[in-house]
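Q: Please walk me through this fold. I would like to know how each feature is read, then see the case here.

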Amino acid sequence: RNRYLETVKSVVKSKAKLGFRFLWTASGSQPKLEKAMGLEFGFPAVVAVNQEKALFSLHTGAFSSRGIGGFCEGLMSGRAKTAPLSALEVVSAEPWDGKDGKLELDEDEDDAELMAELMAEL
């Protein structure tokens, strides 16, 4: 998460006069918001919101400095596709502790036996 946030921050900082704001949410913590903004395709994703004009725009390109930079350029030039921003429901969620999660692998005996069988077949 930290790397993703730094990517977005560094690009957006260089585009200070954008007129859009960017939001961050963890996948699955705001299901109605995700659905309303078309975020069912996966994360990480970037959404730009212009509350004054009641518009939002969803970046569907590469999640990289270059890709997000191109998205911001499209917003500034008016080329980026926007959609009307309707009333959004945001729910309370557990605050992020600022640390990236650790993947916990559960190794049970069935997996070990299956792997042994597969290796024996090779």
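A: Start with contact: it means heavy atoms within 4.5 Å. Buried means under 20% relative accessible area, exposed over 50%, and partly exposed in between (1.4 Å probe, protein chains only). The buried residues of H3 pack against helix H1 (2–13), E1, E2 and E3. This is a predicted model: local features need pLDDT of at least 70, side-chain atom pairs count only at pLDDT 80 or more, and totals for chains, interfaces and linings use all residues. Residues are numbered from 1 along each chain as its sequence is written, and side-chain values use heavy atoms, with hydrogens and water left out.

Q: How are helices and strands assigned, and how many of each are in the chain?

A: Helices (H or I, at least four residues) and strands (E, at least two) are DSSP runs, numbered from the N terminus. The chain has four helices and four strands. Their pattern along the sequence is α-β-α-β-β-α-β-α.

Q: What share of the residues of the chain counts as buried?

A: Of the 122 residues, 25% are buried. The accessible surface is about 9300 Å², with 52% of it on carbon and sulfur atoms. Those areas come from the Shrake-Rupley method with a 1.4 Å probe; for residues, only the protein chains shown count as cover. Among contacts with a separation of 6 or more, 60% are between residues 24 or more positions apart.

Q: In what order do the strands form the sheet?

A: Pairing comes first: two strands pair if DSSP finds at least two bridges between them. Here four strands form an open sheet, in the order E1-E2-E3-E4, with antiparallel pairing. E1 and strand E4 (83–84) are the edge strands, each pairing on one side only.

Q: Which strands do the bridges join to E2?

A: Strand E1 (residues 21–22) is joined to E2 by two bridges, antiparallel. Strand E3 (residues 55–59) is joined to E2 by five bridges, also antiparallel. On the E3 side, Ala48 stands opposite Ser57.

Q: Which way do the residues of E2 point?

A: In a regular strand the side chains alternate between the two faces of the sheet. In E2, Val46, Ala48 and Asn50 point one way, Val47 and Val49 the other, and all are buried. Five of the five residues of E2 are buried, so the strand is largely enclosed by the rest of the structure.

Q: Why does Asn50 count as buried, and what does its side chain reach?

A: Asn50 counts as buried because its relative accessibility is 8%. Its place is in strand E2 (residues 46–50). A polar contact is a pair of N or O atoms within 3.5 Å; within protein, one must be able to donate a hydrogen and the other to accept it, and residues adjacent in sequence count only if both atoms are side-chain atoms. The side chain of Asn50 reaches the backbone nitrogen of Lys53 at 2.9 Å. Leaving out residues up to four places away in sequence, Asn50 touches Gly19, Phe20 and Leu55.

Q: What phi does Ala54 take in the hairpin of E2 and E3?

A: That hairpin has four residues between the strands, and Ala54 takes a positive phi near 55°. Ala54 is not a glycine. At 34% relative accessibility, Ala54 is partly exposed.

Q: How does helix H3 sit on the strands?

A: Axes are lines fitted to C-alpha atoms, for helices over the stretch in contact, and angles run from 0 to 180 degrees between N-to-C directions. Helix H3 (residues 65–77) lies across E1, E2 and E3, at about 150° to E3.

Q: Which residues of H3 are buried?

A: An α-helix has 3.6 residues a turn, so residues three or four places apart point the same way. The buried residues of H3 are Gly67, Ile68, Gly69, Phe71, Cys72, Gly74 and Leu75. After H3 comes Gly78, with a positive phi near 85°.

Q: Is Glu34 buried or exposed?

A: Glu34 is buried, with a relative accessible area of 10%. Glu34 lies in helix H2 (residues 31–36). Beyond residues up to four places away in sequence, Glu34 touches residues including Ala26, Leu39 and Phe43.
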